[in-house]
Amino acid sequence: MLLAIPLAWLQLAREKVRLLVALAGIGFAVILMMMQLGFQEALFTAAVNFHVNLKTDIVLINPQTTTLFAIKNFSRRRLYQAAGVDGVESVTPLYLDFGFWRNPETRKTRQILIIGFDPNQAVFSLPGVAEYLNQIKLPDVVLFDENSRPEYGPITEQFKEGKIVSTEVSGRKVTVKGLFQLGASFSADGNLITSDVNLLRLFPARTLGLIDIGLINVEPGVDVSSVISTLKKTLPDDVLVLSKQGFVRFEREYWETSTTIGFIFTLGTMMGFIVGMVIVYQILYTDVSDHLAEYATLKAMGYKSRFLYSVVLQEAFILAVLGFIPGVALCLGLYKLVRDGTSLPMFMTVDRVMTVFVLTLMMCVISGVIAMRRVQAADPADIF
């Protein structure tokens with residue numbers, strides 16, 4: 001078997017232009033699959049980045065809520081009731097709403113997610129939030145998400161240069177007194193954090209008595225699942241009790257199962273797989289056809305068909321490896337380009353690299369198996 005490997009390589013390397021075309025085709029299929037999977041994971045990761053960075057053990061939401069983008073509020077009294085359950089250490093109400101941010105340079109408005117909470121409570125583990133919590137205690141002061149889309153204006157640059165950044169949100173003047181990092185998502189292209197009182201100033205029709213998310217932290221050493229069980233028995237069914245992990249799954253499952261996003265990117269990955277398979281098959285079929293006389297000669301010399309098949313499979317393996325490496329290398333650059341252009345958390349992961357490599361290998365092996373039929377046509381009688 002080992003001695004047959006050079007034969008497979010020599011056959012591929014004999015036509016260098018064809019080999020380069022084959023590697024380009026496989027690399028294209030690798031890029032297509034890698035980008036589709038990368039986009040899908042980046043979008044899902046962005047959708048739950050808010051949830052993952054909440055400092056909480058248990059979450060209360062309205063049962064009619066389907067996603068953060070369409071959240072329904074509920075009575076703050078449920079949070080007070082939860083505070084009376086054994087094992088609960090603290091409760092914090094969270095307020096969300098969408099306002100219109102005016103770009104201070106272009107004067108154009110764009111929707112932005114505004115998050116309000118009591119600044120005396122540590123609600124987020126997001127970079128930058130803890131440093132500026134005291135600032136949002138001041139009237140009409142907000143923190144700006146520096147990973148927001150650029151359409152909101154050069155806020156980050158101006159703030160880091162020491163300039164006073166002021167603009168309007170839903171017709172009310174606000175001042176940016178700090179930056180944090182959250183990022184764009186399905187729900188919002190940009191985010192603001194402010195105090196609950198400032199949020200009510202922006203939305204005077206709202207009251208503190210109706211909250212969007214209830215955060216519950218349990219005492220150290222207390223079993224979270226037992227507190228959740230007690231809360232479900234204690235609270236009315238007008239609130240949904242979830243663990244933090246359950247809250248993350250709740251959001252992710254919505255985008256995976258209730259939208260076409262998962263189907264679209266899975267279909268795109270399959271298309272890359274099929275395109276790559278067709279390309280590899282064409283290359284291997286042509287290669288076998290060109291060397292049909294040599295295969296027939298080997299048969300006449302007594303080589304079994306199994307050996308000839310192994311040569312084709314080795315060619316498929318070599319093509320898979322050589323096409324995969326440049327494909328992944330190009331994807332690293334494309335990922336950075338997408339990350340910089342969209343603010344989506346698009347990063348290469350070991351799991352994704354392994355997944356695409358296995359798909360590439362399968363793609364080439366299946367093509368090789370189909371091309372084997374051409375080897376069967378090699379008949380020594382046609383040569384001699």
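A crossing of two helices is called right-handed if the near helix is turned clockwise from the far one by less than a right angle, and left-handed if the turn is anticlockwise. The legends below describe close-up views of a predicted model.

**View 1. The packing of α8 against α10.** In this predicted model, α8 passes α10 in a right-handed crossing. The two helices pack at an angle of about 140 degrees, and their axes lie 11 Å apart. Because angles over 145 degrees count as roughly antiparallel and those from 65 to 115 as roughly perpendicular, this value makes α8 oblique to α10. From α8 the contact takes in Val280, Ile283, Leu284, Asp287 and Val288, while α10 contributes Val312, Glu315, Ala316 and Leu319. Sorted by class, the residues where α8 meets α10 comprise seven nonpolar, no polar and two charged ones.

**View 2. The packing of α8 against α11.** The crossing in which α8 passes α11 is right-handed, with an angle of about 35 degrees between the helices and a separation of 8 Å between their axes. On the α8 side the contact is formed by Thr269, Gly272, Phe273, Gly276, Met277, Val280, Tyr281, Leu284, Tyr285, Val288 and Ser289. These residues meet a set in α11 that includes Leu359, Met362, Met363, Cys364, Ile366, Ser367 and Gly368, as well as Ile370, Ala371, Arg373, Arg374 and Val375. By class, the contact of α8 with α11 divides into 15 nonpolar, six polar and two charged residues.

**View 3. The packing of α9 against α10.** Here α9 and α10 pack at an angle of about 145 degrees, and their axes are 9 Å apart. Tyr295, Leu298 and Lys299 of α9 make the contact with Ser305, Phe307, Leu308, Val311, Val312 and Glu315 of α10. The contact of α9 with α10 holds six nonpolar, one polar and two charged residues.

**View 4. The largest nonpolar core and the surroundings of Met363.** The largest nonpolar core of the model has 50 residues, and those with the most contacts inside it are Leu319 and Met363. Two or more residues of this core come from each of α1 (5–14), α2 (16–52), α8 (261–290), α9 (292–300), α10 (305–342) and α11 (350–376), and the largest share, 16 residues, is that of α2. Setting aside residues up to four places away in sequence, Met363 touches Ile26, Ala29, Met33, Gly272, Phe273, Gly276 and Met277. Apart from this core lies another, of 34 residues, among them Leu79, Val88, Val142 and Ile155.

**View 5. Thr360 in helix α11.** Thr360 has its place in helix α11, and, since residues under 20% relative accessible area are counted as buried, its relative accessibility of 0% puts Thr360 in the buried class. When neighbours within four places in sequence are left aside, the residues in contact with Thr360 are Ile26, Val30, Met33, Ala320 and Phe324.

**View 6. Thr92 in strand β3.** Thr92 is located in strand β3, which spans residues 88–102, and with a relative accessibility of 5% Thr92 counts as buried. Beyond residues up to four places away in sequence, Thr92 touches Leu79, Gln121, Val123, Ile213, Gly214 and Leu215.

**View 7. Leu235 in the loop between α6 and β11.** Leu235 belongs to the loop that lies between α6 (224–234) and β11 (240–243). At 6% relative accessibility Leu235 counts as buried although it lies in a loop, and its contacts, not counting residues up to four places away in sequence, are with Leu60, Arg78, Gln81, Ala82 and Val241. Leu235 and Ile155 are separated by 80 residues in sequence and by 43 Å in space, taken from C-alpha to C-alpha.

**View 8. Two loop residues with positive phi.** Arg107 is found in the loop between β3 and β4 (109–117), where its phi is near 70 degrees, a positive value in a residue other than glycine. With a relative accessible area of 44%, Arg107 is partly exposed. Asp140, in the loop between β4 and β5 (141–145), likewise has a positive phi in a residue other than glycine, with a value near 55 degrees.

Note on methods:
Residues are numbered from 1 along each chain as its sequence is written. This is a predicted model: local features need pLDDT of at least 70, side-chain atom pairs count only at pLDDT 80 or more; totals for chains, interfaces and linings use all residues. Side-chain values use heavy atoms; hydrogens and water are left out. A nonpolar core is a set of buried Ala, Val, Leu, Ile, Met, Phe, Trp, Tyr and Cys residues joined through side-chain atoms within 4.5 Å. Buried means under 20% relative accessible area, exposed over 50%, partly exposed in between (1.4 Å probe, protein chains only). Helices (H or I, at least four residues) and strands (E, at least two) are DSSP runs, numbered from the N terminus. Contact means heavy atoms within 4.5 Å. Axes are lines fitted to C-alpha atoms, for helices over the stretch in contact, and angles run from 0 to 180 degrees between N-to-C directions. Angles under 35 degrees count as roughly parallel, over 145 as roughly antiparallel, 65 to 115 as roughly perpendicular and the rest as oblique. Ala, Val, Leu, Ile, Met, Phe, Trp, Tyr, Cys and Pro count as nonpolar, Asp, Glu, Lys and Arg as charged, and the others, Gly among them, as polar.
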